[in-house]
There are 2 protein chains.
Amino acid sequence: MPIDYRAPLDDMQFVLHRLIPISTISNLPAYEDVGTDLVNTILDEAAKFANQVLSPLNWSGDQAGCVYQDGAVQTPDGFKQAYQQYSEAGWMSLAANTDFGGQGLPLSLATPVNEMWHSANMAFMLCPMLTAGAIEAIEHHATPEQQAIYLPPLISGQWAGTMNLTEAAAGSDLSAVSTKAVPDGDHFRIIGTKIYITYGEHDFTENTIHLVLARLPDAPAGVKGISLFIVPKWLVNQDGSLGSRNDVRCLSIEHKLGIHASPTAVMAFGEKTGAIGYLVGEANRGLEYMFTMMNNARLAVGLEGVAIAERAYQHAAYYAKERVQGKIAGRSEKLPIVHHADVQRMLMRMKTQTEAMRALAYLAAAQSDFAQKHPEKAIREASQLRVDLLTPIVKAWCTEQAIEIASLGIQVHGGMGYIEETGVAQYLRDARITSIYEGATGIQAIDLLGRKIIRDEGAEARRLLAEIQACATDLSSSSSIPLQQIAADLQKAVQSVSKALDWVLHEHASNPQATFTGAYPLLQCFGFICGGWLMAKAALVSGRILQGDTRNAFALQKIASATFYSQAILPQVHGLAETVCAGASLAQAMQDSLTDLLR
Amino acid sequence: MPIDYRAPLDDMQFVLHRLIPISTISNLPAYEDVGTDLVNTILDEAAKFANQVLSPLNWSGDQAGCVYQDGAVQTPDGFKQAYQQYSEAGWMSLAANTDFGGQGLPLSLATPVNEMWHSANMAFMLCPMLTAGAIEAIEHHATPEQQAIYLPPLISGQWAGTMNLTEAAAGSDLSAVSTKAVPDGDHFRIIGTKIYITYGEHDFTENTIHLVLARLPDAPAGVKGISLFIVPKWLVNQDGSLGSRNDVRCLSIEHKLGIHASPTAVMAFGEKTGAIGYLVGEANRGLEYMFTMMNNARLAVGLEGVAIAERAYQHAAYYAKERVQGKIAGRSEKLPIVHHADVQRMLMRMKTQTEAMRALAYLAAAQSDFAQKHPEKAIREASQLRVDLLTPIVKAWCTEQAIEIASLGIQVHGGMGYIEETGVAQYLRDARITSIYEGATGIQAIDLLGRKIIRDEGAEARRLLAEIQACATDLSSSSSIPLQQIAADLQKAVQSVSKALDWVLHEHASNPQATFTGAYPLLQCFGFICGGWLMAKAALVSGRILQGDTRNAFALQKIASATFYSQAILPQVHGLAETVCAGASLAQAMQDSLTDLLR
């Protein structure tokens with residue numbers, strides 16, 4: 001049976017208080033109440049809820065899955081009750097607007113909380129996560145009347161929300177959306193079928209508010225002709241009470257590799273008379289509205305990667321400490337497998353990569369808070385540029401790495417890892433979706449290269465690399481040999497990544513196909529160097545802690561983790577950067593080798 | 001629904017006839033009949049069987065799984081009939097000894113045939129694969145009487161065989177085997193429980209011959225006290241007819257991540273009176289006998305990696321050619337996703353890595369044939385050294401890469417890849433076991449470093465690198481710019497890997513933990529450089545083909561594939577080699593970072 005999850009509060013608090021640090025967020029006018037005590041109290045409470053309520057349902061939910069019958073979906077035993085507890089405890093409202101019942105806390109604080117919950121039960125958390133997306137869309141783009149009707153019950157958790165984007169012929173390319181919205185008085189009739197709708201139908205709440213992308217009759221073709229609509233499952237009366245059933249129906253749910261407890265629905269809108277929908281914001285700006293929300297959604301999915309990686313690590317570490325097998329060179333007694341060098345290598349890969357990803361995800365959340373709430377416009381803008389650059393990296397790199405880490409977790413278990421009852425195979429199956437939904441890795445790589453690097457001629461990317469270089473310089477002046485070594489490795493990595501960056505900036509105009517051939521390796525370069533940077537920064541901070549407290553165990557471990565990261569993980573950037581710079585030759589080779597597919 | 005599998009005969013024949021080439025095997029006295037026509041006829045027939053009989057059952061078998069009831073196991077619909085067809089067509093006997101009804105064909109020829117079958121239906125093929133292991137053990141170590149009784153029905157496929165090694169406390173470390181063998185007249189009574197027994201119970205055959213590791217009462221502790229026994233499910237009379245049921249029972253089958261159609265059994269020996277078992281060879285030499293067979297078993301599992309990777313590639317390539325989505329820069333018409341640079345990158349990674357792995361697996365098989373059958377002792381010995389070196393590389397590298405390739409196959413499919421009905425998630429689930437069973441990756445890495453590199457002070461490893469360097473030199477004298485580039489990349493890779501090799505040879509005596517920290521990255525180095533070498537060799541051969549046939553499509557594609565491999569995959573060796581050389585620092589960091597687990 002799967003082991004318990006324990007929130008890694010030590011590392012979370014280190015990142016929040018020492019690396020970010022969250023005190024800079026508390027200085028923002030909107031967040032003056034967010035002191036250290038409040039932060040720690042919320043983390044403790046969230047950890048309890050994750051450990052005691054959500055985690056015990058993770059594996060049973062995976063095994064039971066959801067059951068579809070006649071348009072209704074039954075979630076696994078215990079999930080509905082857990083959702084009620086979740087709502088009643090006020091967790092849904094943590095980061096939501098205070099005008100509608102939210103607690104208005106910063107994303108920096110919601111992020112570790114969300115990490116815990118995704119570690120504890122990712123399939124469960126997809127419902128609150130999608131609801132948060134719907135809340136955000138309505139907060140930013142709906143009329144005050146719409147906000148008054150829909151936000152309070154969504155924020156309280158009384159209702160749930162969904163995002164309806166994908167259609168059979170419109171996946172990564174939403175310009176192909178064909179669902180229709182026909183004007184009908186003060187509302188619209190929505191007609192079309194949406195697929196892959198997370199929690200499109202479920203038994204958690206009395207009502208579900210679907211946000212749906214559809215096309216008006218006179219809309220221009222392509223991305224500029226898509227509008228956003230609120231389509232409630234049950235229509236809502238003026239007084240907020242539920243009216244009649246809308247013409248929306250769940251046709252089926254998917255049989256998936258993982259996240260079995262999260263129903264992925266095919267949704268039919270308007271099979272009979274057309275589902276009643278209400279336009280959000282202006283017509284034809286639906287995709288733009290979606291994109292403003294997508295940053296947060298993408299950061300949230302990247303965080304799922306951190307969360308699954310953490311849980312996979314905890315499980316593997318537990319097993320490696322318990323399982324006695326084989327002889328250790330130079331030791332006569334029987335010892336657990338954690339004493340084998342290769343098991344240590346696997347655990348360290350899992351541990352340090354997860355720590356690096358956590359630091360990056362939390363940093364992006366903090367930058368997002370600055371971008372929203374800093375009183376100075378220049379800082380808001382600078383922070384937004386940084387969030388924009390980091391978002392595809394957090395999304396794609398953390399999720400791709402999470403898949404590898406979950407797979408390593410199986411490997412640490414040997415044959416036991418392959419048996420479903422052990423519970424670690426679930427992490428791989430669950431993690432596998434994270435690099436696909438909310439924009440697959442290839443889309444993130446194109447976003448990073450095209451919109452975030454080429455568009456500003458590399459300005460923000462160079463600012464980031466300069467900051468990383470400055471960190472290396474700081475470290476190199478340390479008197480500690482390990483810190484000097486980390487500095488040297490980071491500096492070398494900056495050189496490789498800079499070379500790759502220069503190459504794409506120089507080549508993209510004349511040879512876009514060659515440049516985009518390197519989009520994913522370039523994203524990996526940025527992921528690993530950001531990871532190396534934040535681990536180096538953690539080592540720097542730890543070095544300072546040790547000056548006052550020479551035996552501080554956490555600081556000693558962190559420096560060791562940073563050393564491992566910079567020598568066993570970071571060196572990947574060199575080969576990846578070479579691959580980026582070989583783009584022209586690779587693009588030609590791909591054309592010449594895939595001739596049978598390209599004709 | 002999953003697409004059909006089509007055996008990649010073009011690439012198989014290229015590797016067999018042009019790279020290995022198999023004509024060198026046909027020159028061996030034992031294989032004089034193995035001409036080009038015979039090879040091609042067998043490949044064609046095997047391809048038909050794989051495509052028409054085994055492949056259609058792959059996905060249905062995965063979905064249905066096996067059913068356990070009262071000690072019996074029912075395999076999925078169609079599997080029993082397919083096994084009968086398989087046996088009747090004589091496929092079981094392909095590489096078996098002609099003295100007992102086998103066809104005595106070389107492993108070089110059985111290898112592509114096995115690849116096809118594992119691509120078509122890996123879960124099915126595990127039964128013949130384990131039976132082949134049992135045949136090999138009996139051929140090499142049993143008495144002529146035992147051989148006469150057991151080999152003909154095993155080789156004909158009338159009976160099946162299993163290997164019973166693992167116990168709950170004896171996995172990677174077989175020295176902990178505790179199953180007892182008590183002498184009882186001319187036989188033994190076997191008492192103990194074995195786990196993870198592939199096809200330990202099934203409905204394919206009338207009898208199953210279990211090969212079981214157990215310990216005699218007076219046996220020394222550890223690996224030198226384990227003996228090997230034949231334990232038939234049904235006892236066999238002198239005339240070969242079946243006698244009474246032996247005291248062997250399947251207690252349960254596992255609920256696994258993948259290979260659902262292959263029953264993984266818990267086997268109880270001797271619950272009542274002790275299962276009747278017959279000693280194979282000498283007492284206390286069981287583990288040694290197992291190890292002589294394990295080379296072939298490990299090569300076979302490495303080949304499973306090639307096979308799953310090939311099928312994942314075929315499926316992804318098919319989808320990428322069919323699925324229309326998104327706009328391609330510079331093209332106005334709607335085009336399939338294969339025209340996107342990042343999709344091409346993924347497909348090329350899958351394709352070229354699979355080709356490299358295939359070449360390496362076939363090469364190892366050819367070296368094994370030389371080691372067995374070459375008339376000159378010096379060549380037999382040299383070939384054996386090469387097989388010994390290559391075996392852990394083929395096993396671990398091909399399987400680890402297969403997992404990544406299967407995962408990439410899901411990624412190419414986007415959301416569709418996560419839906420089980422698409423069929424590509426199965427490849428990841430099935431592939432995931434290959435890096436675990438028959439010696440997990442960590443065990444292979446230790447084997448490579450300890451037994452295959454350090455033991456002969458790197459002599460064989462250096463011979464291999466010298467051969468790779470010679471290939472680079474050959475290529476560099478080509479007039480073709482792409483071939484020169486491949487040569488330069490290969491040469492650079494040789495330098496990095498040589499550096500890592502020198503480091504471990506220099507350090508291992510003084511710092512074994514540091515050296516073994518680099519065991520897995522070193523294995524990866526050898527995997528990628530062997531892949532780069534064989535792709536370079538393929539480019540060299542293709543260059544020669546083009547001299548006579550300037551438009552030869554296969555040769556043009558192969559050179560493009562080799563270019564991609566050497567610039568997008570091979571550069572990984574540089575970072576990996578750095579990590580190997582950082583072993584001392586990493587070993588210390590692991591100790592310091594994992595203190596909570598190591599105390």
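Domain bounds here come from an automatic or database domain assignment. For chain A of this predicted model, that assignment gives domain 1 (137-287) and domain 2 (456-590), and the C-alpha centres of these two domains of chain A lie 42 Å apart. Residues are numbered from 1 along each chain as its sequence is written, and chains are lettered from A in the order in which they are written. Because the model is predicted, local features need pLDDT of at least 70 and side-chain atom pairs count only at pLDDT 80 or more, while totals for chains, interfaces and linings use all residues.

Let's turn to how the two chains relate.

Now to the interface. Counting residues as in contact if their C-beta atoms, placed from the backbone, lie within 7 Å, 81 residues of chain B touch 81 residues of chain A. Of the interface residues of chain B, 100% are also interface residues in chain A, so the copies meet through the same surface.

Finally, look inside. The largest nonpolar core has 442 residues; such a core is a set of buried Ala, Val, Leu, Ile, Met, Phe, Trp, Tyr and Cys residues joined through C-beta atoms within 7 Å, where buried means that 20 or more other C-beta atoms lie within 10 Å of a residue's own. Phe229(A) and Phe229(B) have the most contacts inside that core. Beyond its neighbours within four places in sequence, Phe229(A) has contacts that include Phe188(A), Ile190(A), Val212(A) and Leu279(A).

Conventions:
Contact = placed C-beta atoms within 7 Å. Buried ≥ 20, exposed ≤ 12 C-beta atoms within 10 Å, placed from the backbone.
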